[in-house]
Every structure is written in C-alpha cells, then in structure tokens.
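Work through the following exercises with the sequence and the model open beside you.

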Amino acid sequence: MKRAELIFQSIALITLAVAFILFWNFGKGMSFVENGLLSDTTATDSYAVLQENLNRMIPVLLGSILLSVAIAFYLEEYLVRTNWKYQIIARQIVILASIPSLLYGLLGLYFFVFQSEKGSFFTHALTVVLLVMPRTIQSTQRAIRGVDISIREAAFALGAKKWRVIVDHVFPHAFSAIMAGIFTVISRALAVAALIIVVYVWTKHTLQSGDTFYIPGSAIVLLLSSLLSSVFSSFLEAKTNCT
Amino acid sequence: MKNKIEISELKVHYGDTPALNGVSFDVYENEILGIIGPAQSGKTTLLKVINRTLEFTQDTTVEGSVKLDGVDINSIGDVHGLRRRIGMVLPLPVGLPLSIYDNVAFAPRTAGMRKKAELDVIVERCLQQAALWDEVKDRLDSLGTKLSGGQQQRLTIARALSHQPEVLCLDEFSIAVDPITTMRIEDVLKTLKNEMTILLVTNLVQQAKRLANRTAFMLNGDLIEIDNTDVIFSENPSNQATYDYVNGNFG
C-alpha cells in the first residue's frame, strides 16, 4: 500500500472515530465538548437546535438527492441536448450551482435566524434544496456522461428498451461517480450548516454578552462530518477512476 | 436467391461530414456477405443503419432506404423487436455489468422469456456456438466483465446469438480474439449461415476470403464493387482499386 493511501485511510478512520465519540456523547446529553471548551448553555442550545433541524432536514436532504438524480437521468437520457427544454433547465442548474455555498448559508441564516426565532420548515427546506439539488444534478449528469456509449449501444443492439438500459447498465456503471458527487455535496452542506451555527451563536450570545468568541461543539461535529463525507467522496472517486 | 436486405441510395452524414455516399446493394438470405475496406470507408456506419443503432449518435442524417424482408426498417414501429431480429457484435468486447449467464440471458429476458429451463438451454447453446462453454460452464455466475478480452468477445457473440437473429452483423469480431479461437468461431459461422444471414465487416481480407460467399469493397463511403468472393479475390476484379486493396497495395 502506498504511503499516501495509508495516511489518507488513517485520517479517515481517526475522523470517523472522533465523529462517533462526539455523536455518542451528545446523544447521551453529556456534551463534553461544551463542558470542556465552552461551558455555556447557548452552545448546548445550539446542539439542540442542530438535532431538531437534522431530524427535520434529513428527509428533505434525502428527497432532494433522489429527486436530483432522477432529474439528471431525465435530462441526460430522455432529452436531446439541443432541445429547448434541456437548454432552459440546464442553464438554470448551471447558474444555481455556480453560486457559492456560503451565499446559500447566509440566505439560510437570514431567514432562519434573523427573520424568525426558530425558522420555518419551508425556509429550512428551501435552503437545503437550493444548496443540494443543482450540484447533485450536475455531478450526476457528469457521472452519466462518463458511461461509455458502447455500453448503451451493446444493450440497445440486444433489443433492450431505454428503461432497462438505464436500470441495468447505465446506473450500475455510473453508481460510484454518482455517490462521490453526492458525498461532496453533503460535505459542503454540512460545512455551511456549521458556519450558520457559528454565526448564530456569535450573534445571539457572544456579541451580546461580550464573551470571547468560541466554536460551538455542534459546529465541530458538523465540520468533522463534512470532512468524513469528503473522505468518502474521495474514496468513491478513486474507485470510479480505477474501474 | 431471395433478398433479405435491400439497400437503396443510402447516404449518411455525421454533421457536415459524409460517411456513406449513396450506397445500393442487396444481401441474399443465408449468405455470408463480407464487407472490406480501409478505415473511414463507412462499413460500421452501414451496420449501424441496418439495426438502427445509428439513432443514438447525435447530429446524423440518413437518406435512402433499407428494407428487411421488403419492409422499410424505418417504418417498423417496434424498433426493439427489429434490433432483436438483427444481431450485432461490436469490434471491442462490451461486457455488460452482469454475470456470464445473465449476459447471455439478457436479450431473451427482454423479449419476455422467463422460464429458467428455457433460458438454460439458450445460454448453453449460445456459449457452445461461441466456443466459450467449456471455459465458463463451471462459473456462469461470475461477472462477465472479469473474463479475458478474447473470452469477453466470445461472450458478446454468444449474447448476439441468444435472441436467434435473422441477420447477424459482425463488426471486426476477431480484433480481440486469438487466431485459434477465431478459426473456431469461423467454423461456427459457416454452420450458422444455414440459419441466418451474416454481414461480416472485417479488416482481415483473408477472413472475408475464407468465409464470405460474396464480398463488397468500400472506400471513402462509396461501394466500389460487390461480387462473388472468388471474383473479388481473383486477378480480374471489376475495379483496379479492389485488386490493389485485396493484394495489399494500399490500405
């Protein structure tokens, strides 16, 4: 095994272990990061907010990802690229995907934190959707285009219908690349969520109380999860390049 | 002899680039028609038009007509059924991400066959015809893509035979197969000729000489000459370019 690969895998395992410990402790309500680093109730509140939002947003996140993959397959397999529908949809996706994640985060922050005390489900979901869908669609489109045309031709030449070709051949070939793209997007989403929490805590508590700036434990958990997601993405991408 | 395929004034363009310039000829039932010619002469394009897989290449225009048993292929509504009638083997093996068994059973299943006993018979027959059965009979559940290049190409041939096509298009099938196996497959093709019509595109002119009843010579999208193989490979074909090509003076 190459040294770089060994280091990479070690980082991944350490990250996984740390993330697990953090989640486990938070799960028990002990919150040792809060006690050790922060010793403040606001930070614990931030974790409660995070937990509540995660419970609500995970279904939205999964739904957005599934919908994005479906849209990407529709665009690539059922529309011709010169078709006006393809052109319009593809252009909007490119515009939305090119907006930095940070701006979506600030948008979310504005609606979640400053416009309402807890934020509404709709504004939460809208931010997640805007953050996740364009990039997932783009990465899935790239994965589908990466499947060699000869695979499709071979299957079509056997009399297979389009649906069978997609399900039996294109999807399995593109799967690793699709998952790599999804993990990259999740990683970015988690990082942005961490940013929102940090800004939330600073604006709601630190600046008012005059305390020194600190990083809430929940943001650390999100950042570590983001890193872990990036690691998974890299593994899957390497696997895609190997096959 | 009965015409199986009738090609009339077939023109194909990839964008602005011409690939076929008004090609016309007939293919007889139960013959092996060898199609030879250097690269870019339109051989593969011709096969793709016949089984309508050219439709997946964007920005192509096709003019003229191709008839199968007297029916224009573009008027056939069930394109999937048409492709099952016209089997295709591509130059490089394309292993579908399925087991060896499922690779061969794929086409019959898409045609609606579900009974395992029937599929078992088809899989064994096709793998035997493709000279692969002895090598894989104990590992039919293994992934087809894990086979060697030559074995994968024979798997591709078995797959093309699995839907019992009326016409079998072979596009340089032996490019990834060793000479011994090539000879075994050629023997199979000679027997298959009784059941189906075979279009053999090949860069190996000697392979056309060994197998084909008639041979067509194509050059830069034009059909230069089509005649009995004996005539094409004689000292006196109709066209000097044919003589030069089959004797290795160019190409």
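Chain B contains 10 helices and 10 strands, where helices (H or I, at least four residues) and strands (E, at least two) are DSSP runs numbered from the N terminus. This is a predicted model, in which local features need pLDDT of at least 70, side-chain atom pairs count only at pLDDT 80 or more, and totals for chains, interfaces and linings use all residues. Residues are numbered from 1 along each chain as its sequence is written, while chains are lettered from A and ligands numbered from 1 in the order in which they are written.

**Exercise 1.** Determine how the axes of α3(B) and α4(B) cross, and which residues meet there.

Solution. Begin with the axes, which are lines fitted to C-alpha atoms over the stretch in contact, with angles from 0 to 180 degrees between N-to-C directions. Those of α3 (residues 100-110) and α4 (residues 116-129) of chain B come within 9 Å and cross at roughly 115°. Since angles of 65 to 115 degrees count as roughly perpendicular, the two helices α3(B) and α4(B) are therefore roughly perpendicular to each other. Next, list the residues in contact (C-beta atoms, placed from the backbone, within 7 Å): Y101(B), V104(B), A105(B) and P108(B) of α3(B) meet L119(B), I122(B), V123(B), C126(B) and L127(B) of α4(B). Sorted by class, this contact has nine nonpolar, no polar and no charged residues, with Ala, Val, Leu, Ile, Met, Phe, Trp, Tyr, Cys and Pro counted as nonpolar, Asp, Glu, Lys and Arg as charged, and the others, Gly among them, as polar.

**Exercise 2.** Describe the side of chain A that touches chain B, and state which helix gives the most to it.

Solution. First count the contacts: 17 residues of chain A are in contact with 19 residues of chain B. On the chain A side, α7 (149-157) and α8 (162-209) each supply at least two residues, and α7(A) gives the most, with eight. By class, the residues on this side of chain A divide into nine nonpolar, four polar and four charged.

Technical notes. Parallel < 35°, antiparallel > 145°, perpendicular 65-115°, else oblique. Contact = placed C-beta atoms within 7 Å.
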